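Subject: The model we talked about

Hi,

Here is the structure I promised to pass on.

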Amino acid sequence: MAEQRETGDLPSLAKISVLKLRLALWEKRLENQAYWSHSPFVFVGAAMGYVEILGEVDVFQYWPHGVSDVDTLKFIPDLTTATYLSDSAPVKVGAYFEHGGSFQPDDNEPGVERFKAILRSSSGGSLSVRLQGIDAPETHYAPNLREGMFDGDYAKWIAKHMSRQMSYRQPYGKLCTDFFANGLRSKLGIGPYDPANPEVKVTAKLRVLADSINSAADVFGRVVGYVAISHNGQDVVLNDVALSEGFAFCSFYGSMTLHEMQRLADLFAAHGSDRARRSQLRSNVSNHLRDFEPGLCTTKSMRDTDLDDNGANSIRGTDSFRSKCFDPKLFRRCVDWIGRREALNDASTLLDYMRANDEEVVLLSDFAAANGDWTQARKFSMGSLIGRDGAFRYKPGEVVFEARPITIVDDQRRPLPDSFLAPYP
């Protein structure tokens with residue numbers, strides 16, 4: 001059980017976490033000069049290996065022309081180029097991404113699980129990529145019920161299924177996505193959207209810091225990594241732009257290295273420094289649960305008629321109110337509470353539900369003190385990050401979340417090897 005802390009020292013620890021992280025990293029650099037340079041695509045050295053895959057990215061896949069948002073995109077891979085690089089000889093690993101996947105509950109058939117491949121054939125042979133180390137405001141998130149969808153009770157399954165038909169979004173989610181995508185296209189010298197030519201694909205490279213397929217993908221079958229796109233002689237790292245231009249928050253997991261966290265934290269902190277203009281998102285960050293807006297929903301198509309973040313068509317119906325946005329991780333738990341309330345008649349208040357969350361987290365300072373070893377770091381419950389008054393006891397990027405373990409299998413439920421060095425198939 002994670003430690004539950006009710007005293008006031010959690011915020012004070014969070015405030016000094018970045019300083020302690022910097023000190024810990026400096027000491028480690030003196031011990032070992034192998035570390036990341038500023039860009040994740042200029043590799044100097046690290047404890048783990050990595051996979052590189054060449055491919056393409058459609059720069060008009062983002063809202064409002066598509067459904068991708070700041071932190072997740074479709075990457076069209078050339079799996080013949082998928083190579084694992086480490087201290088050993090390079091290894092071709094395309095088969096892991098071509099044949100691997102996981103069995104997940106069918107949304108429309110209770111009790112049925114279906115194989116969901118990492119390589120999404122329904123999307124023309126693409127990978128769904130979750131950008132490492134960032135979390136952007138949600139544009140379409142449906143409630144997720146932690147105990148699962150089906151326990152033998154069909155009436156309960158129907159209620160859960162109905163609760164998931166509504167998606168919710170955060171203030172500035174659509175705005176950040178639009179500004180982010182427009183900025184990318186501008187940097188690459190790509191003109192405005194042309195309905196006669198709706199796709200514009202550019203050269204791209206995916207880098208995944210992982211030694212096995214089990215650590216390369218998340219529980220939803222998304223590949224987690226860094227994406228760089230190139231066009232007209234310009235190169236752009238999507239993760240870096242999202243943080244440095246204020247379109248996303250830092251989001252760290254125990255599977256990441258301290259050096260990754262430091263590099264991304266620096267990019268996040270640099271936004272708005274030296275009196276530079278800050279993005280609307282970073283200018284309107286909430287530190288309180290009261291700023292959750294349960295009425296801010298979105299259609300599955302995320303069409304333009306959805307309620308806007310602000311203005312006459314907003315959920316508040318006024319120009320004078322400016323919405324505030326908090327950590328998307330907490331937002332998703334708020335939406336899960338809505339799902340439980342509607343599907344299971346859960347009578348818990350939002351505050352009680354959030355404070356009862358027993359998911360484990362680690363302060364960034366404690367993670368650094370444990371030399372980046374999740375198993376050795378002091379744990380807290382996520383609920384302890386919220387005070388009795390609903391105020392948040394941390395800021396985005398000051399905690400490390402647990403990386404949920406996953407076993408990637410093939411369509412016959414056979415586990416794939418847990419090392420890219422193992423021959424496969």
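This is a predicted model: local features need pLDDT of at least 70, side-chain atom pairs count only at pLDDT 80 or more; totals for chains, interfaces and linings use all residues.

Residues are numbered from 1 along each chain as its sequence is written, and side-chain values use heavy atoms, with hydrogens and water left out.

**Overall**

The chain has 12 helices and 19 strands. Of its 425 residues, 53% are buried; that means under 20% relative accessible area, with exposed being over 50% and partly exposed in between (1.4 Å probe, protein chains only). Taking contacts (heavy atoms within 4.5 Å) between residues at least 6 apart in sequence, 72% join residues at least 24 apart.

Most residues other than glycine have a negative phi, and most peptide bonds are trans. Tyrosine 172 sits in the loop between strand S10 (167-168) and helix H5 (173-187), and it counts as buried because its relative accessible area is 0%. Aspartate 274 also has a positive phi, of about 55°. You will find aspartate 274 in the loop between H8 and helix H9 (280-283), and at 79% relative accessibility it counts as exposed.

There are cis peptide bonds to look at too. One runs from tryptophan 63 to proline 64, with omega near 10°, and proline 64 is in the loop between strand S1 (50-58) and strand S2 (72-77). Another runs from tyrosine 424 to proline 425, with omega near 0°; proline 425 belongs to the segment after strand S19 (399-401).

**The cores**

A nonpolar core here is a set of buried Ala, Val, Leu, Ile, Met, Phe, Trp, Tyr and Cys residues joined through side-chain atoms within 4.5 Å. The largest one has 73 residues, and Phe97, Val227, Ile229, Leu238 and Phe420 have the most contacts inside it. Helix H8 (residues 258-270) supplies the largest share of this core, six residues. A second, separate core has 24 residues, including Tyr141, Tyr353, Val361 and Tyr394. Back to leucine 238: not counting residues up to four places away in sequence, leucine 238 touches Tyr62, Leu73, Leu131, Phe180, Leu184, Val227 and Ile229.

Which residues does asparagine 357 touch, leaving aside its neighbours within four places in sequence? They are Arg146, Arg333, Ser381, Met382 and Gly383. Asparagine 357 lies in the loop between helix H11 (350-355) and strand S17 (360-363), and its relative accessible area of 8% is why it counts as buried. A polar atom of the asparagine 357 side chain lies 2.9 Å from the backbone nitrogen of glutamate 359.

Threonine 139 is in the loop between S9 and H4, and is buried, with a relative accessible area of 0%. Its side chain makes polar contacts with the side chains of aspartate 69 (3.3 Å) and histidine 140 (2.6 Å). A polar contact is a pair of N or O atoms within 3.5 Å; within protein, one must be able to donate a hydrogen and the other to accept it, and residues adjacent in sequence count only if both atoms are side-chain atoms.

Phenylalanine 150 is in the loop between strand S9 (134-135) and helix H4 (154-163). Buried or exposed, or partly exposed? At 29% relative accessibility, phenylalanine 150 counts as partly exposed. Leaving aside neighbours within four places in sequence, phenylalanine 150 is in contact with Pro110, Gly111 and Trp157. Phenylalanine 150 and glycine 111 are 39 residues apart in sequence, but 5.9 Å apart in space, C-alpha to C-alpha.

Happy to go through any of this with you.

Cheers

Methods: Helices (H or I, at least four residues) and strands (E, at least two) are DSSP runs, numbered from the N terminus.
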